[in-house]
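This briefing is for a reader meeting the structure for the first time.

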Amino acid sequence: MRALARLTVATTLIAVSTAAIAVATHADAADAPAPITVINADFEDGTVEGFTGRSAEVLAASTAQAHGGTRSLSVTGRTATWNGPALNVLDTFEKGTSYTISVWVRMADGSDSARLSVERRLADTANYETVVGNTAVTSGGWVNLTGRYTLSTDVDHLSFYVETASTTGSLFLDDVTVSYTPAVPIQTDIPNVKSVVTEFPVGAAITGAEILGEHGQLLSKHFNSITPGNALKWDATEPAAGTFNYTQADPLIAYAKANGLAIRGHTFVWHNQTPAWVFQRADGTAMTGTADDKALLLDRLENHIRNVGAHYGSAIGTWDVVNEVIDESQSDGMRRSSWYTITGLDYIRTAFKVAREVLPTAKLCINDYNTNVAAKRDALYNLVSTLKGEGIPIDCVGHQMHINVSWPTVAETEAMIQKFVPLGVTQQITEMDVSIYTSSSENFPTPPADRLLSQAYKYRDMFALFRKYASAISSVTLWGLADDNTWLDTYPVSRKDAPLLFDTTLQAKSAYWGVVDPTRIGTTTTAPTSPSSSSTGNPTDSPSPSASSGANSCSITYRVTGSWQGGFQGDVKITNTGTAPYSAWRLNWQFAADQTITQLWNGSVTQNENSVAVFNAAWNGVVPAGGSASFGFLGSWTGSNPAPTSFSMNGNVCTVA
Ligand code: XIL
């Protein structure tokens with residue numbers, strides 16, 4: 001059984017070990033693009049390679065220490081812990097791309113902790129984010145800090161830097177690299193989860209950058225509900241008393257509205273991710289539970305719900321009003337949070353009453369984890385039943401469903417759902433994920449095949465159960481979009497987990513097929529090689545070959561999606577503008593400036609000097625009339641990088657879009 005310890009805040013940042021980054025769960029990992037290095041600073045050329053101090057500290061290439069080669073960057077004259085070497089990456093980092101930043105650090109003398117941070121600014125408002133938290137460093141050896149960072153907002157300044165926790169000693173920095181793995185296009189020819197599971201909205205919890213690029217495409221293709229994973233929590237929305245901040249949540253809500261997705265608000269009241277000031281008196285001392293403390297805390301709670309609730313109004317159809325209030329090991333079943341010790345049950349009463357007043361049409365939920373465990377389930381049942389008896393407006397019970405490949409059983413989960421039916425509340429599955437781990441001591445470098453299979457069956461069985469109880473269940477949300485960003489990578493311990501429907505390259509896993517079409521579990525994780533699975537099975541349903549008929553009409557979109565010194569990433573879409581399908585395609589073009597394709601996905605390439613030929617992959621050769629196929633590639637360039645101006649497909653000249 002799991003117990004939630006205090007959780008630290010992570011927004012779009014995920015610190016992972018270098019080993020974890022190497023994990024690729026995609027069945028066709030060989031097809032996955034290799035990481036691209038965009039910064040590589042080793043200070044061997046005797047310069048500071050663009051690094052600057054954050055204040056008046058002195059930076060110089062030095063031979064006193066070196067992690068590799070003979071030089072490193074020395075940083076002396078630090079007068080504050082936040083002083084340290086910084087690199088401006090405003091022109092290097094693109095919004096929505098996940099960069100892996102790696103630096104080697106050592107102290108000149110003594111010891112301290114160092115961390116890797118990002119400063120982003122817009123119109124003089126600065127935000128500081130931790131990419132790798134405090135890590136012990138000494139003068140005795142080099143220490144590596146590696147973490148991932150995804151920019152999700154517009155900025156006019158962006159830099160990363162190394163700082164220390166407590167001393168201002170001199171530092172050495174070496175072998176700084178920044179890389180990213182080009183996004184693999186999402187599979188557009190597999191069924192949408194939301195079109196298969198139609199009994200209730202199917203949602204995903206998201207953090208800032210997941211509305212952008214391929215992540216945004218995956219999200220809107222498969223899901224019709226979102227839950228901001230952190231952006232609506234108290235620490236994000238009211239970090240200081242009476243100061244409300246919606247900068248994290250607003251873009252997510254705007255995206256959901258624009259794409260017609262339902263929104264679950266998570267959460268007004270929780271014991272985690274709530275700033276310390278909430279439980280402090282005006283003089284900064286801790287509340288103990290006096291009558292004055294209770295009145296002040298309930299006032300703050302009311303003010304919080306009134307403001308955050310009103311800011312979004314009816315755009316948010318469901319709110320987790322209170323989260324994780326049950327502790328079944330207590331005689332009264334109530335978690336001994338500050339909320340409870342200061343106000344008793346009144347914080348729950350106030351929260352629901354105020355929420356109903358501000359949001360008369362929203363579904364108001366009480367949300368908790370392990371609600372399939374009989375003792376916890378019954379404690380929650382008793383609380384809801386008591387409060388509803390008092391007239392407290394609880395509309396909904398949320399079951400988080402953080403489960404794993406071997407726990408719980410369907411029977412236990414069915415008993416959970418059945419238990420709440422007589423209470424006249426709707427039920428929602430609010431945070432489902434299926435960990436590949438069955439204990440805290442396991443740690444797999446790569447998800448084992450048998451675990452991924454068990455996971456697929458668990459998803460299959462649980463979704464079948466939820467659909468059977470469609471009259472009781474009004475929403476099912478997964479706690480994340482794809483395995484590249486899951487809270488389970490750092491909770492309950494740091495290790496790579498893979499609990500969702502899509503893998504780290506956003507491709508469908510067996511878990512996806514467990515939900516969408518269980519007959520395909522374990523058979524493939526990629527799209528079918530022919531349309532047979534969506535046809536009636538009659539081979540004559542397949543498009544007839546027409547590749548060399550000369551009837552191939554085509555339109556080409558050629559885009560450079562990223563460019564850096566010497567390298568670039570491209571994306572090409574071939575649209576069949578004719579009336580007959582293609583059964584295979586070959587696209588030819590001429591580069592004008594000696595560009596070279598170094599890697600290509602969703603197709604194969606041959607290049608002879610400036611002449612390029614790209615052939616379809618096994619699964620995207622068939623393109624129906626009006627349909628399209630896309631591939632991506634990485635290339636190198638010198639001097640200039642003009643786009644090709646003419647293309648031919650199976651020998652026919654295409655229009656250029
Ligand atoms: C998690 C987030 O996903 C993490 O990013 C954050 O660091 C901690 O909180 N139960 C909940 C969610 O109700 O709010 C938690 O979300 C996961 C457990």
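**Backbone, helix pair and domains**

Pro 408 sits in the loop that runs between strand 19 (402–404) and helix 10. A cis peptide bond links this proline to Trp 407, with omega at about 0°. The model is a predicted one.

**Other backbone features**

- His 266 and Thr 267 are also joined by a cis peptide bond, and omega there is about 5°.
- Thr 267 belongs to strand 15, which covers residues 262–269.
- Asp 175 is not a glycine, yet its phi is positive, at about 45°.
- Asp 175 is part of strand 12, made of residues 171–180.

**Helix 10 and helix 11**

- Two packed helices are described by the angle between their axes and by the distance between those axes.
- Helix 10 spans residues 410–420 and helix 11 spans residues 449–468; their axes come within 10 Å and cross at roughly 25°.
- Angles under 35 degrees count as roughly parallel, so helix 10 is roughly parallel to helix 11.
- The crossing of helix 10 and helix 11 has a right-handed sense.
- On the helix 10 side, the contact is made by Val 410, Thr 413, Glu 414 and Ile 417.
- On the helix 11 side, the contact is made by Asp 461, Met 462, Leu 465, Phe 466 and Lys 468.
- Sorted by class, the residues in the contact of helix 10 with helix 11 are five nonpolar, one polar and three charged.

**Domain 1 and domain 2**

- The domain assignment of the chain places domain 1 at 10–180 and domain 2 at 554–656.
- Taken over C-alpha atoms, the centres of domain 1 and domain 2 are separated by 36 Å.
- Eight residues from domain 1 and eight residues from domain 2 take part in the contact.
- The size of an interface is often given as the accessible area lost when the parts come together.
- Between them, domain 1 and domain 2 bury about 560 Å², and 57% of this area is on carbon and sulfur atoms.
- Which three residues supply more than any other three of the area that domain 1 buries against domain 2? They are Pro 33, Ile 36 and Tyr 180, which supply 56% of that area.

Key:
Residues are numbered from 1 along each chain as its sequence is written. This is a predicted model: local features need pLDDT of at least 70, side-chain atom pairs count only at pLDDT 80 or more; totals for chains, interfaces and linings use all residues. Side-chain values use heavy atoms; hydrogens and water are left out. Axes are lines fitted to C-alpha atoms, for helices over the stretch in contact, and angles run from 0 to 180 degrees between N-to-C directions. Helices (H or I, at least four residues) and strands (E, at least two) are DSSP runs, numbered from the N terminus. Angles under 35 degrees count as roughly parallel, over 145 as roughly antiparallel, 65 to 115 as roughly perpendicular and the rest as oblique. A crossing is left-handed if the near helix is turned anticlockwise from the far one by less than a right angle, and right-handed if clockwise. Contact means heavy atoms within 4.5 Å. Ala, Val, Leu, Ile, Met, Phe, Trp, Tyr, Cys and Pro count as nonpolar, Asp, Glu, Lys and Arg as charged, and the others, Gly among them, as polar. Domain bounds come from an automatic or database domain assignment. Buried area is the accessible area (1.4 Å probe) that two parts lose on being put together, summed over both.
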